[in-house]
Every structure is written in structure tokens, then in C-alpha cells.
Amino acid sequence: MAELVPLVGRKAFRRFGFVDSAVVARWPEIVGPDYARYSTPESLSFPHGKRSGGTLNLSATGSHALMIQHVAPQIIERVNRFFGYDAVARIAIRQGLAMERAPEGEAVNTPGEVPEDVAGSLKAIADDGLRQSLEDLARQMSGTKGLPIIR
């Protein structure tokens, strides 16, 4: 099946700007699983008559678009290393839905428990609505892991 999918999808991938479907299929390998989870390559466009100096169009989720923008030079370097030449000169990021991927062998993060030290400090807050919001935030934060910087 893995051998047939690139052959079947080749025409569709070319229609949307990808000469090689491997960029989409191997996106987690190219940029790393942490950034691939929040970004998806949409198309690759080149200047008229050229096959280098192109623009890679990415879709990134919410605030992760800003994170992707900060690491754009490293992403360009990795994509060019994948192609073997300077195919990409810049990245255009569209904020939208990305195909969220869970890291291999790891469950999707779920909200955790409020750490005891945080719960203790939140008891001093008189406003019930504010205290509940901060507890919800603490639960969400305890269930997530920070994203490392591409090096």
C-alpha cells in the first residue's frame, strides 16, 4: 500500500504545487515531530521557469504560526537539505488548521491535575470566576509539554 499511494496521489500533489509528495508524507521527518504537529505544507511555488528560490506555503494552527515564523530559517534549511539543493528561499505562513499529529508512541496530551503548590496559592483568590479560570489554565498547562527549539 505504501508503494502505491505516492503513485496514485502524484497527480493531485502536483496540482497543489508539490512535485514530490514525499514532502507532505515525510513532513515530521523534515521539520521534526514537534513542529510537524502544528504545521502542514500546502504548496511549493517557484518563480516562473525556475526550480529553485521557491516559496513554501505552510498552514499553522493559532499561536503556533508565530512560533513557526521564528524558526523559519531552520525549516528552510531542513527542507533544502531534504531536496538536496536550494529549492526554498522563503516560507509563507497562513494561520489556519494544520493536520495535528500526535507524536509517535505518545498519547495525545490531556488536561492534568492542578499541582498542589499552585492549588494552594489559588485558594487565596476571592473571585470564584478568576480562581476557576486559573485552575483550568493550570490543568491545561500540566497536561502539555513545551516545544523545543529546532537546532
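1. Arg81 and Glu77 form a salt bridge, with the closest N and O atoms 3.1 Å apart. The term salt bridge here requires a side-chain nitrogen of Lys or Arg within 4 Å of a carboxyl oxygen of Asp or Glu. The two residues are 4 apart in helix 6, which puts about one helical turn between them. Arg81 is exposed at 56% relative accessibility, while Glu77 is partly exposed at 47%. Buried means under 20% relative accessible area, exposed over 50%, and partly exposed in between (1.4 Å probe, protein chains only).

2. This is a predicted model, in which local features need pLDDT of at least 70 and side-chain atom pairs count only at pLDDT 80 or more, whereas totals for chains, interfaces and linings use all residues. Residues are numbered from 1 along each chain as its sequence is written, and side-chain values use heavy atoms, with hydrogens and water left out.

3. The salt bridge count comes to 5. Among them is the pair Glu42 and Arg94, at 2.5 Å from N to O. Glu42 belongs to strand 1 and Arg94 to strand 3, so this pair ties together parts that are 52 residues apart in sequence. Glu42 is partly exposed at 31%, and Arg94 is partly exposed at 42%. Another salt bridge joins Arg37 to Asp34, with the closest N and O atoms 3.1 Å apart; Arg37 is buried at 11% and Asp34 partly exposed at 22%.

4. The sheet is open and mixed, with 3 strands in the order 1-2-3. Strand 1 (39–45) and strand 3 (88–95) are at the edges with a single partner strand each, so one side of each lacks a neighbour in the sheet. Helices (H or I, at least four residues) and strands (E, at least two) are DSSP runs, numbered from the N terminus. Two strands pair if DSSP finds at least two bridges between them.

5. Strand 2 (residues 54–60) pairs with strand 3 in the parallel sense over 7 bridges, and with strand 1 in the antiparallel sense over 6 bridges. Leu58 of strand 2 is the bridge partner of Pro41 and stands opposite Ile93 in strand 3. Asn57 has Ala92 in strand 3 as its bridge partner.

6. Thr55 is buried at 15% relative accessibility.
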